There are 2 protein chains.
Amino acid sequence: MKELYRLHAEMCKVFSNPTRLEILNLLRDKEMSVTELIEKTKLSQANISQHLAIMKYQVIVTSNRKGKNIYYKLTNPKIIKAFDIIREVLSEKLKKNGNIVKNL
Amino acid sequence: MKELYRLHAEMCKVFSNPTRLEILNLLRDKEMSVTELIEKTKLSQANISQHLAIMKYQVIVTSNRKGKNIYYKLTNPKIIKAFDIIREVLSEKLKKNGNIVKNL
DNA sequence: CTATCTTATTAGAATATTCTAATATATAAA
DNA sequence: TTTATATATTAGAATATTCTAATAAGATAG
């Protein structure tokens, strides 16, 4: 069913941007405020906010306000399992290609 | 290390297109010729060939000729593990949203 | 209220992706 | 060899994505 491939691709599109992957990795085991994410990534507030909006729209993350701040967390922790498998594939690929794997 | 997120994102970009996901799913447990892929997907030859080239460049698939035909297969079967986890996440998301899940 | 801190939204230029149509290339068959 | 079959490549219009800069909006503190 082609529709399912469309939805699947749409979800994967979230993972096709380095900044979003960095955010997801930061959220892997704890929720984090937008401010914290900005500090950790050193990226602009607008940019982080935009990427969070994209992931929220795809329901990859959810948000909740705590006083002054808004905290984001993963909707489904399985996302991290997929993240880590892709990292393994990437690692094995780099190994084969004789690349520097030290930094993994 | 930001470079790693870039490579990770680049690999995930392969999964962010419905046609490429369909091809990967067809290759999940057996190699297949370009002609077979065209038949199964009902898509144009040029288009299939272009998507295969993209995946070959990312070393997600590899090809080998057998007589008249060129067969493609997955480089690393772990790709399918990631594929299936994302499908689960998608399925759970659709379930929550009260969507039709029958067709999964 | 008013100011401040935090987060979201908008606009738009630069860049990237996708598909179709046309053409090229490679192997095999006649 | 020519011809047919299988696959790849190219060009280009249509569309989508990404980032920066500017502005808006929501919550709290004073």
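In this predicted model, the surface near DNA strand C draws at least two residues from each of four elements: α3 (34-41), α4 (45-57) and β3 (69-74) of chain A, plus α4 (45-57) of chain B. The top contributor is α4(A), which puts in six residues. Altogether 23 residues sit around DNA strand C, and those that come nearest are V34(A), T35(A), A46(A), N69(A) and N17(B).

Turning to the protein-protein side, 33 residues of chain A are in contact with 33 residues of chain B. On chain B, the side that touches chain A takes at least two residues from each of α1 (2-14), α2 (18-26) and α5 (78-96). Here α5(B) holds the largest share, with 12 residues. By class, this side of chain B comes out at 18 nonpolar, 10 charged and five polar residues.

Then there is the sheet of chain B. Its three strands form an open, antiparallel arrangement in the order β1-β3-β2. Since β1 (32-33) and β2 (61-66) of chain B each have a single partner strand, they stand at the edges, and so one side of each lacks a neighbour in the sheet. The pairing of β2(B) with β3 (residues 69-74) of chain B is antiparallel and runs over six bridges; within the sheet, K66(B) sits opposite N69(B) of β3(B). Packed on this sheet is α4(B), which touches both β2 and β3 of chain B, with its direction at about 120° to that of β2(B). That helix, α4 of chain B, is also one of the elements supplying at least two residues of the surface near DNA strand C.

Terms used: Residues are numbered from 1 along each chain as its sequence is written. Chains are lettered from A and ligands numbered from 1 in the order in which they are written. This is a predicted model: local features need pLDDT of at least 70, side-chain atom pairs count only at pLDDT 80 or more; totals for chains, interfaces and linings use all residues. A residue is near a molecule or strand if its C-beta atom, placed from the backbone, lies within 6 Å of it. Two residues are in contact if their C-beta atoms, placed from the backbone, lie within 7 Å. Ala, Val, Leu, Ile, Met, Phe, Trp, Tyr, Cys and Pro count as nonpolar, Asp, Glu, Lys and Arg as charged, and the others, Gly among them, as polar. Two strands pair if DSSP finds at least two bridges between them. Axes are lines fitted to C-alpha atoms, for helices over the stretch in contact, and angles run from 0 to 180 degrees between N-to-C directions.
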